[in-house]
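Keep the viewer open while you read.

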Amino acid sequence: KLSFEGQGGEIWLPVVLVILLGWFSNLPWPEVDPPLLAMRPLLLIPINILLYLLIFRWFVAFVRFNGNRQVSFVGSYWPYLGYYLLYVVSMVSIIGWAWVMAAWARWHCRNLVGDAAFSFHGKGHEILWRCVVCMVGCILVIPIPWMIAWLTKWFTSQVSMDDGTRAQAETLETFQIEQPGHGSPSPEQTP
């Protein structure tokens with residue numbers, strides 16, 4: 001069971017700054033050169049990424065598993081910025097962004113630290129076709145909420161939490177001892 005225990009007052013400054021930076025990047029400034037004005041959103045990317053990282057760390061820190069398990073996000077700024085920039089550049093390739101998104105999700109999961117390890121199992125081609133179907137469905141406007149819910153459920157289902165039980169089960173299967181009399185060594189003969 002998951003629960004979220006965060007309070008709005010704990011994160012208001014980064015959220016307000018994200019909103020203000022978005023507003024600032026769209027302000028018309030007649031006295032500024034148009035090419036420089038067009039560069040404004042690009043120049044704000046490093047600041048926005050820092051704010052998004054703070055918001056994500058706050059969100060993860062206040063998610064509780066089964067009422068008491070706590071997880072924290074330890075990913076650093078430069079890889080986060082790098083994945084974001086790679087994602088933006090990969091949009092030019094039309095389909096490469098899906099593989100970048102899968103790698104970025106795996107990076108997020110690797111940087112979640114707590115009582116359990118997290119893994120993202122989705123692949124680029126799986127993300128690609130689902131996002132294409134979602135975009136086509138969103139053209140009709142009315143199914144937008146159901147398309148977003150469908151896509152979110154799939155992404156969520158691709159994250160697994162390994163608290164040791166899965167690894168333990170794999171270990172038992174790997175070293176399983178067959179019963180005597182079935183053409184296998186007895187437990188006494190097995191190292």
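1. Start with how H2 and H3 pass each other: the crossing is right-handed. Bear in mind that this is a predicted model. H2 covers residues 34-61 and H3 covers residues 77-90, and their axes come within 10 Å, crossing at roughly 120°.

2. Now zoom in on the side chains at that crossing. Which residues of H2 meet H3? On the H2 side you'll find Ile45, Pro46, Ile49, Leu50, Tyr52 and Leu53. Their partners in H3 are Tyr77, Tyr80, Leu81, Tyr84 and Leu85.

3. Next, have a look at Phe120, which sits in strand S5 (residues 117-120). Is Phe120 buried or exposed? Its relative accessible area is 7%, so Phe120 counts as buried, the cut-off being under 20%.

4. What does Phe120 touch, leaving aside residues up to four places away in sequence? The list is Ala102, Ala105, Arg106, Cys109, Ile127, Phe155, Gln158 and Val159. Also check Ser160: it is 40 residues from Phe120 along the chain, yet the two C-alpha atoms are separated by 6.5 Å.

Notes:
Residues are numbered from 1 along each chain as its sequence is written. This is a predicted model: local features need pLDDT of at least 70, side-chain atom pairs count only at pLDDT 80 or more; totals for chains, interfaces and linings use all residues. Side-chain values use heavy atoms; hydrogens and water are left out. Axes are lines fitted to C-alpha atoms, for helices over the stretch in contact, and angles run from 0 to 180 degrees between N-to-C directions. Helices (H or I, at least four residues) and strands (E, at least two) are DSSP runs, numbered from the N terminus. A crossing is left-handed if the near helix is turned anticlockwise from the far one by less than a right angle, and right-handed if clockwise. Contact means heavy atoms within 4.5 Å. Buried means under 20% relative accessible area, exposed over 50%, partly exposed in between (1.4 Å probe, protein chains only).
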